[in-house]
Amino acid sequence: MVQLREKKEENEDWEERFRSHTDTRPYGPQSISFDVSFYDADFVYGIPEHATSLALKPTRGPELEHSEPYRLFNLDVFEYLHDSPFGLYGSIPFMLSHGKTRGSSGFFWLNAAEMQIDVLGQGWNDDYSSVLMLPSDQKRVDTFWMSEAGVVDTFFFVGPRPKDVVRQYTGITGTPAMPQLFATAYHQCRWNYRDEEDVYNVDSKFDEHDIPYDVLWLDIEHTDGKRYFTWDKLLFPNPEEMQKKLSAKGRHMVTIVDPHIKRDDSYYIHKEASQKGYYVKDASGKDFDGWCWSGSSSYVDMLNPESRSWWAEKFSYENYVGSTPSLYIWNDMNEPSVFNGPEVTMPRDALHQGDVEHRELHNAYGYYFHMATSNGLVKRSDGKDRPFVLSRAFFPGSQRYGAVWTGDNTADWDHFRVSVPMILTLGLTGISFSGADVGGFFGNPDTELLVRWYQLGAYYPFFRGHAHHDTKRREPWLFGERNTQLMREAIHVRYMLLPYFYTLFREANATGIPVVRPLWMEFPADEKTFSNDEAFMVGSSLMVQGVYTQGAKHVSVYLPGDESWYDMKTGTTYKGGATHKLEALEESIPSFQRAGTIIPRKDRFRRSSTQMQNDPYTLVIALNSSKAAEGELYVDDGKSFDFKQGAYIHRRFTFSNGKLTSSNLAPAHHKYASDCTVERIIILGLSPEPKTALVEPGNQKVDIEVGPLLLQGGKVASVRTIRKPNVKIADDWTINVL
């Protein structure tokens, strides 16, 4: 950073005061700003994190008197509002535009200082047109970007299609990490599961109620006095045994590790960090001392590569006593949260390595903390095991290190509704592995809201139930048998679709294209999709519409495109390019498979995703008007980095002219073997109705029967089914419908 002026003028005060806090501002007042115009754009999107609509609303213009700019400044926001430009836990200064005539483009400013961004409404310049001449009358969206500090390091992405812009952006910031399979399944969390007995009880209740889950989480109370990497010896005397018992069922655990380190000389982490000089310093050069869950705390300077490497070592099994290979990590409070700091964060004049002020890099602190933790888990396994780390704070590139969630939401219908645009926006800006706390973190959801949230949350990329310690317990079996059944069915939908989700996570890892997508990403010419953020696509094949109002009897669903859509539960066809008024069913939310697609499923329910590994597959073929369809399946060992050396199965399924073909998309000599077979092939939209099919190689005739579309749940629809074709997923084969 260049000092803007050598010294103050006489009587000039550079200090800034906020309540009891003083920012010394040793370099004086400074800022950088510029205008960015998106020509031929209908809407702009992106710049998370805000609890607001997908298409960004104008913040300045003739009709807006009291709006504020969208703020990017990572903060621990208590009970955030559901419709606000106020900045939340993460910051990504990347904006995309989309319009019918021009397509998509993007702008990215790589800067970790506080930023404020105005989206200017039409006519914003009318009062100044005589003095402020704009370059053109061409249709566009004007935006104004301003930062407190930092550098001008900007990127323009020319698209022209929505997926091109996302590819171009993740080409610079990195594509999302490939998660382990278990991490894409259901997670159960609360602040806090009290002790080992509570953990075993919750675990056994899932089995008793036939509800699968993969991960049980422990919040801050599991530690010895909020000293991270430790266990409360009274509540969790045998942590290794506890993890091994869950691991025997294919389940995993996650513990929380936050950045505030308790200032206690008998605590080895604090002792080492202070001796080695690894803490962030205050403006006077002493170790910064702030207040957080652990009381008086200091914060490791994660900008220093040496500190990050030291931190990573702390996750080894020797250092993190009581940890096992089935334990993964949750980074919370990493904005960083400082309870007694200005705006509940670190003062801007705090100093990092090289005397760089915190104001220059505030928004990247959580990113570096996430990076160091993720690297620690890789190191722990000698580079063999993919890490899983959930982070609350984020910055461009966080997608390379794990998942994020939308923070401390509230158990109300508005927060439920806004979770969709928040997750879609994260996906557009590179972070495809994200979700919201199912049920809401603060407060007690009414039972209908909780059920609806499970039904929608089953389609979030990151699917976790979580709650504050002051809330009533809300595990899925605590609301009566009927509601248990509804939540069980919602969770079963996720487990059934895991092969499809895992394939999409691999697509995100390879291309940056998100797992869940706004409708306009798949239908870029359909203007009715441009501001729709109540429905979303899961990949290119499924569309989901939430039910966001209490006691809803009907729900309006717009189905885009020229082709039909098949109801996922009943197989009923609906016309594309039309709005349909559907009955709001208690047992499910509207979800549809797009005509022309093939979706892989696993229909046998186990206790965890790990136990489903060798189960057979079902293929659901939804024929379009040309009686054709295509889809993909990606499979690997679900946990290691071997896929980077080609150890995976990647198949393309195509159906045309009455013939289903499986062909290889993996390297010619792929090194991953699987004996899994396809046990059912469901064909939707097939007429006239044939009776037999011929499987090649082998010249084997199989019957085409009438069978159920879903093996569990509600009224069962009957569909054309090829049962037990007994073809392996790893092989080339064709099935001719005769």
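Predicted model: local features only at pLDDT ≥ 70, side-chain atom pairs only at ≥ 80, totals over all residues.
The model counts local features at pLDDT of at least 70 and side-chain atom pairs only at pLDDT 80 or more, while totals for chains, interfaces and linings use all residues. Residues are numbered from 1 along each chain as its sequence is written, and side-chain values use heavy atoms, with hydrogens and water left out.

**Exercise 1.** Determine how the axes of α8 and α9 are arranged.

*Solution.* Helices here are DSSP runs (H or I, at least four residues), numbered from the N terminus. The axes of α8 (residues 413-428) and α9 (residues 447-457), which are lines fitted to C-alpha atoms over the stretch in contact, come within 11 Å and cross at roughly 10°. α8 is therefore roughly parallel to α9, a term for angles under 35 degrees on a scale from 0 to 180 between N-to-C directions. In the contact (heavy atoms within 4.5 Å), residues of α8 including Trp 413 and Phe 416 meet residues of α9 including Leu 449 and Trp 453.

**Exercise 2.** Decide whether Tyr 367 is buried or exposed, and find its contacts.

*Solution.* Tyr 367 lies in helix α7 (residues 365-380). Its relative accessibility is 8%, so Tyr 367 counts as buried (under 20% relative accessible area, 1.4 Å probe, protein chains only; exposed is over 50%). Beyond neighbours within four places in sequence, Tyr 367 touches Phe 395, Pro 396, Gly 397, Ser 398, Arg 400 and Tyr 401.

**Exercise 3.** Locate the buried residues of α4 (residues 268-276).

*Solution.* These are Ile 269, His 270 and Ala 273. Viewed down the axis, they fall within an arc of 95°, so they line one face of α4; the arc is that of directions from the helix axis to the C-beta atoms.

Notes:
Helix = DSSP H or I, 4+ residues; strand = E, 2+ residues; numbered from the N terminus. Parallel < 35°, antiparallel > 145°, perpendicular 65-115°, else oblique.
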